[in-house]
Amino acid sequence: MGRYVARRLLQMIPVFIGTTLLIFLMVYALPGDPVRGLFGDKGGSPQVIAQLRHQYGLDQPILVQYWHYMKNMILHGDFGTQIASGRPVTDVLGDAFPVTLRLGALAFVIEFVLGIALGITAGLRAGRVTDNAILLVTLLLISVPVFVLGYILKVVFAFNLNWLPPNVNDSTNINELLMPAIVLATASLAYVTRLTRTSIAENLRADYIRTAIAKGLPKRRVVGVHLMRNSLIPVITYLGTDIGALMGGAVVTEGLFNIQGVGGTIAQSIVRREGTTLVGLVTILVIVYLLANLLVDLLYAVLDPRIRYA
Amino acid sequence: MPDVTKTDIKNAVASGPQAALQLPEPKPEKSRSLWGDAWGDLRRSWIFIVSSVLIVILLLITFFPGWFTGVDPTSGDLAKHFLQKPRLGNIGSPDWLGYDQQGRSVFARVIYGTRASIAVGFGTTIAVTVVGGLVGMIAGYFGGIVDSVLSRLTDVFFGIPFLLGTMVVLNSFQDRTTWVVIGALSFFGWTQIARVMRGAVITTKQADYVHAAQALGASTPRIMFRHILPNTLAPVIVVATISLGIYISAEATLSYLGLGLNGVSWGNDISDGGNQIRVAQWIMLYPSIMLIITVLAFIMLGEAVRNALDPKMR
């Protein structure tokens, strides 16, 4: 187990370096300049621009910049400086991250609980009306783009019914976060439902289920213990990779509902070509994503004793 | 009952020799290929029929928008104020779905916006399938160090959130043509197909007929494309069809974020209409409905193909 985790952590290193380097290259190799952006349309004097570029290390070759950035990040936990505000990126992250974490966690709970419940309901009745209805609804949910769904919910629940506020002012208030969380969770919810449904329907025909029923176990135990434990593995895999997707998907949702989280900050830094902020934020997202995947692999062994990590 | 049996026997006796001759007829059904079998399934699936009809209509709109409306989607007439409600009775006329802020016909814009979505969807899917398929094929077939390098490369691209990556790329282009958007979506989209392809190739290359081909001295490309490829296509086709819908949705999302195509597109119209959401919902409502129908059509098609190709689902 310990050796397996160590090996997986080692395998993460090239992926981590590759991902950050790719982002770095995309941000700096493509046209545009954050320092010029500071001066707006007027443009600054060449000396001042050169001075600022030197101060932020932008006059060095890209690979040297990347090397310095990674060195500072790993040795000192220093993610650089946000050029527009002059604040350290870690400060900006500290403000934005808890907001997105709350939103993402709420969305995750919604997709986890509702998705698995709907999936089990459909899977146990595979081929019947309930099953087909649930499958059709999930197809529809997958087809509605996030921002369209956001607009629809806003018009119906905020403007027409006045049940929920249209924008989020206080991100610690669950009532205000509910609508954005539902919007963020919808597509994933549909995928979780479909995965659970397929898995349940497939395992329902397995021999061990027939044995369990033949032993005279109550249905609750057959479904809750025997069936669930074996059917949840693909679902857990999906949920693990989805944690990263939820954080990324927050770009649209946070914009729609005016939430000041990671997504909003990322969108701003892309438009302003704020390389350091962007690389810092995406790095964190990538770390979250990689760790979630590792966690999922370790969970396999808990769910399925046949899987052992030497 | 006895009567029925009697007549049956009579008929059988009467048509004796012919019946015997016709016996082998149903036989070929058993030896139908995976594709023939799948096609038989598809023809009987209502999901497939509905989605194909929708897609044919969408393709007609894409290639011949003039058949559906005679109005130019870019010509605005400010006298046609956007607060004038849609006339839902006038099916097909310019004021059917109302006018937008600049007095342009929403109906004409919905019709002409189809081309952008369909072009991006098909273009990206083709690019992604070719690139991802090649990477997956090479990684799966050669294994070893080649596989390790390509798989890590896939992980790197997969690790960057799809939408964020495309946003960063598109932000550096002022002139975002269809090709630029297709390029940006494909740059991050190929990983899924590569993974599916790699998995399928690894299972297929252990088959006896592949060993036989190798023993006969067939060249590597020939084994890859003549022997392995046909047997790995099924899962790739399923993933590609479903992702076609997802790419159309992604293009609209990028347009909503202000980083999509320049020109007439549903995403741009929905984004513009979002600002008028409290006074003139129709500006965003009708492009949204078209967008949802289009994405749904392709996802349903993928679903039907998956059901037909995957025997586990039966």
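**Close-up views of a two-chain predicted model**

**View 1. Chain B at a glance.** Chain B holds 12 helices and zero strands, where helices (H or I, at least four residues) and strands (E, at least two) are DSSP runs numbered from the N terminus. Please keep in mind that this is a predicted model, in which local features need pLDDT of at least 70, side-chain atom pairs count only at pLDDT 80 or more, and totals for chains, interfaces and linings use all residues. Residues are numbered from 1 along each chain as its sequence is written, while chains are lettered from A and ligands numbered from 1 in the order in which they are written. Of the 314 residues in chain B, 43% are buried (20 or more other C-beta atoms within 10 Å of a residue's own, with C-beta atoms placed from the backbone). Take the contacts in chain B between residues at least 6 apart in sequence: 71% of them join residues at least 24 apart. Here, a contact means that the C-beta atoms of two residues, placed from the backbone, lie within 7 Å.

**View 2. Helices α6 and α8 of chain B.** Helix α6(B) (residues 144–159) packs against helix α8(B) (residues 178–204) at an angle of about 130°, with the axes 8 Å apart. Axes are lines fitted to C-alpha atoms, for helices over the stretch in contact, and angles run from 0 to 180 degrees between N-to-C directions. The pair is therefore oblique, the class left over once angles under 35 degrees (roughly parallel), over 145 (roughly antiparallel) and 65 to 115 (roughly perpendicular) are set aside. Look for B:Thr154, B:Phe157 and B:Phe158 of α6(B), which meet B:Phe188, B:Thr191, B:Ala194 and B:Arg195 of α8(B). By class, this contact has four nonpolar, two polar and one charged residues. Ala, Val, Leu, Ile, Met, Phe, Trp, Tyr, Cys and Pro count as nonpolar, Asp, Glu, Lys and Arg as charged, and the others, Gly among them, as polar.

**View 3. Helices α5 and α11 of chain A.** The axes of α5(A) (residues 89–124) and α11(A) (residues 262–272) come within 7 Å and cross at roughly 130°. These two helices are therefore oblique to each other. From α5(A), A:Val92, A:Ala96, A:Phe97 and A:Thr100 meet A:Val262, A:Gly263 and A:Thr265 of α11(A).

**View 4. Where chain A touches chain B.** Here 39 residues of chain A are in contact with 34 residues of chain B. On the chain A side, the largest share, eight residues, comes from α1(A). That side divides into 31 nonpolar, seven polar and one charged residues.

Key: A residue is buried if 20 or more other C-beta atoms lie within 10 Å of its own, exposed if 12 or fewer, and partly exposed in between; C-beta atoms are placed from the backbone.
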